[in-house]
Amino acid sequence: MDKQILLYSAGLDSFPAWHYLGKPPAMYFDIRHHFREQELECVRELAERCGIDLTVSTALDLSSWDTRPLIPFRNIYFAMLASNDGADTIWCVGVKGDHTRDKSPEAFARMSEVLSEFAGRPIKVDSPFWAMTKTDVVRWYIEAGLPLRDLLDTFSCMEPGGRRVHCGRCSSCLRRWIALANNQLVGEFAANPWEWDRVQSYYRDAMRDGTYPEHRAEEFFAALETVGAPL
Ligand SMILES: [Zn+2]
């Protein structure tokens, strides 16, 4: 039978994905990155509360490569380790418009090809959310009637200030705030994400000049409107 593994980090994408995919076994990779402590706490707590079949893997220590904010190509290592653990389908959650080198439909197709060839069996790396934005994912979760408290207890910050404290000053917090604000949800942040310097100094222009896909720009400006921030 097809063995599925969800790469899980208790984030605003991977937690709804666990529900969306019918609660598959989940795997968290503790690669000793700088925000592991806060992330791992949420990973364990939500898993316990929701009954997630969770494995925490310490197979890889990439702390010496922890170039902030993220370790490059980490999804390739995760997919490789999950396939080594016997997964036939590896769910690595990307959303519509994700365009990092190791997280896109094209990147996952290439990973699937290479892993299948090396393992000598069909292995698929995929995301259930390629057609949905982060805002759509949150909307799906709400409309499915799932507990809002769990959703708000997810963790998505790359520079946390302490126990479950979202900094409001990193790209991950900004995306989290946009997805919540556009669904009329209020998340907690140490500082208001819409007042982050980079919103005005970088994102406002980048969202207009085509650096980001059109739907990302629409959701960015719609969220700013909800708080009356300058557009
Ligand atoms: Zn943050």
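**Reading a zinc site and a sheet**

Both Cys167 and Cys170 are buried (under 20% relative accessible area, with exposed over 50% and partly exposed in between, for a 1.4 Å probe and protein chains only). This is a predicted model, in which local features need pLDDT of at least 70 and side-chain atom pairs count only at pLDDT 80 or more, while totals for chains, interfaces and linings use all residues. Residues are numbered from 1 along each chain as its sequence is written, and side-chain values use heavy atoms, with hydrogens and water left out.

Q: Which residues coordinate the zinc ion?
A: Donors are N, O and S atoms within 2.8 Å of the metal (3.2 Å for Na, K and Ca), and sites may look incomplete because water is not among the atoms. Here the SG atoms of Cys157, Cys167, Cys170 and Cys173 coordinate the zinc ion at 2.3 Å, and the spacing of these donor residues in sequence is C-x9-C-x2-C-x2-C.

Q: What is the geometry of the site of the zinc ion?
A: Ideal angles for four tetrahedral donors are 109.5 degrees. Four donors count as tetrahedral if all angles lie between 85 and 135 degrees; the zinc ion has angles of 100 to 117 degrees among its four donor atoms, and its site is tetrahedral.

Q: In what order do the strands of the open sheet lie?
A: Strands of a sheet pair through backbone hydrogen bonds, either parallel or antiparallel. Strands are DSSP runs (E, at least two residues) numbered from the N terminus, and two of them pair if DSSP finds at least two bridges between them. In this open sheet the five strands follow the order 3-2-1-4-5 with parallel pairing, and the edge strands, strand 3 (54–57) and strand 5 (124–126), each pair on one side only.

Technical notes: Helices (H or I, at least four residues) and strands (E, at least two) are DSSP runs, numbered from the N terminus. Four donors count as tetrahedral if all angles lie between 85 and 135 degrees; four count as square planar and six as octahedral if opposite donors are over 155 degrees apart and all others between 65 and 115; anything else is irregular.
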